[in-house]
Amino acid sequence: MLSPLKKLEDEISKWPSISVHPHRFGGREFRFGSAEVGHMHMGGIVDIPFPRSVRDALMADDLAEEHRWVPNSGWVTFHIRSEEDFSHARWLMRLSYLRYALKTANDPRTLLEQESEELHLSPQFKSLLEPFVPKTASHVSAESLSA
């Protein structure tokens, strides 16, 4: 059986436009283009950057912890301590991923609706992602995000 960290890396690496790199402080880093979606350290620590509004909502709902090195930032930390934590770590990473995917999707409005349903996003989290939906009709082509 795969460890939760290996399982998480295997899954995230299959998402469209994601590349996997060694992280500068150890572990594995996931990027959408040049933007970091998040990274994980051996030992089960997952660190994910968010806009402050999303980070604050995650913290208020006890869905993530304050980042240990940059606590007064948009970064959050989540600890994978068991197989059950895998799903939540995946949810957090997908939430981070979605804000970049919306910017390049052919139909970002439909993507937001589909992902909101798939991730069971509350109206609050859905509204926090609205600013990432481009206002113009010209979008870069992106693969289907059904991963």
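Biologist: Is Glu-11 buried or exposed, or something in between?

Modeller: Buried means under 20% relative accessible area, exposed over 50% and partly exposed in between, with a 1.4 Å probe and protein chains only. Glu-11, at 23%, is therefore partly exposed. Please keep in mind that this is a predicted model, in which local features need pLDDT of at least 70 and side-chain atom pairs count only at pLDDT 80 or more, while totals for chains, interfaces and linings use all residues. Residues are numbered from 1 along each chain as its sequence is written, and side-chain values use heavy atoms, with hydrogens and water left out.

Biologist: Which side chain does Glu-11 meet in a salt bridge?

Modeller: A salt bridge is a side-chain nitrogen of Lys or Arg within 4 Å of a carboxyl oxygen of Asp or Glu. Here the partner of Glu-11 is Arg-90, at 2.2 Å from N to O. The two are 79 residues apart, with Arg-90 in helix α3 and Glu-11 in helix α1; helices (H or I, at least four residues) and strands (E, at least two) are DSSP runs numbered from the N terminus. Arg-90 has 16% relative accessibility and so counts as buried.

Biologist: How many salt bridges does a search of the whole structure find?

Modeller: The search finds 11, including one between Asp-47 and Arg-68 at 3.0 Å. Because Asp-47 lies in strand β4 and Arg-68 in the loop between β5 and β6, this pair ties together parts 21 residues apart in sequence. Asp-47 is buried at 0%, whereas Arg-68 is partly exposed at 36%.
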